[in-house]
Amino acid sequence: MKTDSHHDLSSPAAAASVAAHALPVYAAYDISECRRRNRLRRLLFGFGEPLQESVFLCWLDPLHQRRLEKLLDTFRQLPHAGDERIDCIPARTGSLQAPAREWVIE
């Protein structure tokens, strides 16, 4: 049985292409509203994995990076009360190991 962690990749070549072009990006946020904070957390789960309460590590190829930027821009424009800060910070490519995209369970 073969499973895929975050992306629906139909072929091994497509998986290798994404892994070869994916770059690590930290997404960090500080949002005072619980409901809004939880909404952003769910959004980020689609792109990466949490490292801390409000920090995610995302491995993004150019397509997913544009998609995340668009979703974050839309999120920021939604009306809200309180203070918030959302930052996406590129990580050093050589400092982190790329995640496994496929697992074989026997």
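**Aromatic and helix contacts**

Phe 56 has 0% relative accessibility, so Phe 56 counts as buried. The model is predicted. In the whole structure, a search finds one aromatic pair. Phe 45 and Phe 56 form that pair, in an edge-to-face arrangement. Elsewhere, helices H2 and H3 pack with their axes 11 Å apart.

**The aromatic pair**

- The ring centres of Phe 45 and Phe 56 are 5.2 Å apart, and their planes stand at 90°.
- Phe 45 has 40% relative accessibility, so Phe 45 counts as partly exposed.
- Phe 56, in contrast, is buried at 0%.

**Packing of H2 and H3**

- H3 spans residues 62–77, and the angle at which H2 packs with H3 is about 170°.
- Angles over 145 degrees count as roughly antiparallel, so H2 and H3 are roughly antiparallel to each other.
- H2 contributes Arg 36, Arg 39, Leu 40, Leu 43 and Leu 44 to the contact.
- H3 contributes Leu 68, Leu 71, Leu 72, Phe 75 and Arg 76.
- By type, the residues of this contact are seven nonpolar, three charged and no polar.

**A charge over a ring**

- Arg 36 lies over the face of Phe 75, 4.0 Å from the ring centre.
- Both residues also take part in the helix contact, Arg 36 from H2 and Phe 75 from H3.

Methods:
Residues numbered from 1 in each chain as written. Predicted model: local features only at pLDDT ≥ 70, side-chain atom pairs only at ≥ 80, totals over all residues. Heavy atoms only, no water. Phe/Tyr/Trp six-rings, centres within 6.5 Å; stacked < 30°, edge-to-face > 60°. Buried < 20%, exposed > 50% of the residue type's maximum accessible area, 1.4 Å probe, protein only. Lys NZ or Arg CZ within 6 Å of the ring centre and 35° of its normal. Axes fitted to C-alpha atoms, helices over the stretch in contact; angles between N-to-C directions. Helix = DSSP H or I, 4+ residues; strand = E, 2+ residues; numbered from the N terminus. Parallel < 35°, antiparallel > 145°, perpendicular 65-115°, else oblique. Contact = heavy atoms within 4.5 Å. Nonpolar A, V, L, I, M, F, W, Y, C, P; charged D, E, K, R; others polar.
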